[in-house]
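Please study the sequence and the model shown below.

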Amino acid sequence: MAKYNKLANKHVVVIGGTKGIGRGVVEAAIESGARVTLVGSSQQSADAAVSSIKTEYPSSSVIGLGCNLLEGNVDYAIDSLLMQAALLTSEIDHIVFTAADSLTLGKLADLTPETALKAAHMRFLVPVMVGKAAQKHLAGATRDAPGQGGKDKSLVLTTGAIASKPAPEWSLVAYFASGLKGLTRNLALDLSPIRVNAVEPGLVDTELWAPAFKSVEERKAWLQQFAKDSKVPTGRPGTVEEVAEAYMYLLRDSNTTGETVQTRSGNHLV
């Protein structure tokens with residue numbers, strides 16, 4: 001039995017897996033031999049992502065499910081989603097949450113209660129409900145090491161570098177991001193022996209920035225210039241493929257819980 005390929009034949013559900021960092025996690029999990037359920041905001045977006053992935057990974061075991069987390073009964077939607085994922089594939093071993101909506105808040109002086117509550121939905125309410133659902137749908141985890149007869153199951157959330165290093169006009173997002181780190185630590189206690197961890201990406205070139213730019217080229221140029229101006233040691237924004245590795249580590253290391261892994265271009269050093 002392989003000692004280090006710990007995701008082989010495991011079922012990984014990636015909520016937010018159609019694009020960006022989530023898409024990278026899906027591809028990395030496939031390359032690790034996992035069976036993957038990717039979740040998009042609609043069945044159409046999930047089907048399109050699966051079709052694209054199947055072109056690159058023809059023999060992959062991947063299905064797509066749609067789940068609109070922006071409105072309606074989120075609690076019910078997440079529970080139904082995970083139930084369907086288990087029925088269509090198998091018992092769930094790991095859940096990764098990378099879903100996010102685009103964020104253009106503007107200046108703090110212009111913030112309204114309505115805007116703040118809307119921004120809180122995907123960054124406060126939904127992660128809590130995912131944690132609640134994980135307790136039910138990752139049942140069966142044990143405290144014994146996997147190589148000694150134990151069964152490892154985990155939840156990985158996503159926060160952001162603003163949680164550790166402040167920046168002007170990002171107060172609201174820093175509040176959410178810092179809260180996610182606290183949520184991760186406490187869920188690790190509440191859900192034990194299910195492991196709960198988080199990834200804290202820094203500046204990453206993903207579609208999440210798209211609404212702020214007229215073209216992909218403009219976005220990439222701005223991100224590169226921002227990284228240069230910030231004087232991060234790597235000299236550039238991170239890539240999806242790089243950041244996905246942080247999630248892979250947390251999925252594999254059954255000795256890790258309550259931790260936040262940071263992958264942020266050395267931003268904390270400058």
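Asp152 is buried, because its relative accessible area is 16% and buried means under 20%, exposed over 50% and partly exposed in between, with a 1.4 Å probe and protein chains only. The model is predicted: local features need pLDDT of at least 70, side-chain atom pairs count only at pLDDT 80 or more, and totals for chains, interfaces and linings use all residues. Residues are numbered from 1 along each chain as its sequence is written, and side-chain values use heavy atoms, with hydrogens and water left out.

Asp152 lies in the loop between α4 and β5; helices (H or I, at least four residues) and strands (E, at least two) are DSSP runs, numbered from the N terminus. Not counting residues up to four places away in sequence, Asp152 touches Asp93, His94, Pro146, Arg195, Leu251 and Ser254, where contact means heavy atoms within 4.5 Å. The side chains of Asp152 and Arg195 are joined by a polar contact of 2.8 Å. Such a contact is a pair of N or O atoms within 3.5 Å; within protein, one must be able to donate a hydrogen and the other to accept it, and residues adjacent in sequence count only if both atoms are side-chain atoms.

The next element is strand β5, residues 154–158, of which five of five residues are buried. Ser154, Val156 and Thr158 on one side are buried, as are Leu155 and Leu157 on the other, and both faces of the strand are covered. Strand β5 pairs in the parallel sense with β4 (residues 94–97) over three bridges; two strands pair if DSSP finds at least two bridges between them. Val96 has Val156 in β5 as its bridge partner. Five bridges also join β5 to the parallel strand β6, residues 195–201, and here Thr158 stands opposite Val199. From β5 the chain crosses through helix α5 (residues 171–190) to β6, in a right-handed β-α-β crossover. Right-handed means that, with the strands pointing away from the viewer, the path from the first strand over the helix to the second runs clockwise.

Helix α3 covers residues 74–88. Its buried residues are Val74, Ala77, Ile78, Asp79, Leu81, Leu82 and Ala85, and these pack against β1 (11–15), β2 (35–40), β3 (62–66), β4 and α4 (113–137). At the N-terminal end, Asn73 caps α3 with a side-chain oxygen 3.3 Å from the backbone nitrogen of Asp75.

The last topic is the aromatic residues. The structure holds four aromatic pairs; rings of Phe, Tyr and Trp (its six-membered ring) pair if their centres lie within 6.5 Å, and planes under 30 degrees apart count as stacked, over 60 as edge-to-face and the rest as tilted. Phe213 and Trp222 form a tilted pair, 5.5 Å centre to centre with 50° between the planes. Trp222 also forms a stacked pair with Phe226, at 5.1 Å centre to centre and 25° between the planes. Trp222 and Phe226 both lie in helix α6 (residues 216–230), four residues apart, about one turn of the helix. An α-helix has 3.6 residues a turn, so residues three or four places apart point the same way. Which residues form one aromatic cluster? They are Trp209, Phe213, Trp222 and Phe226.

Conventions
Expected span 1.5 Å × (residues − 1).
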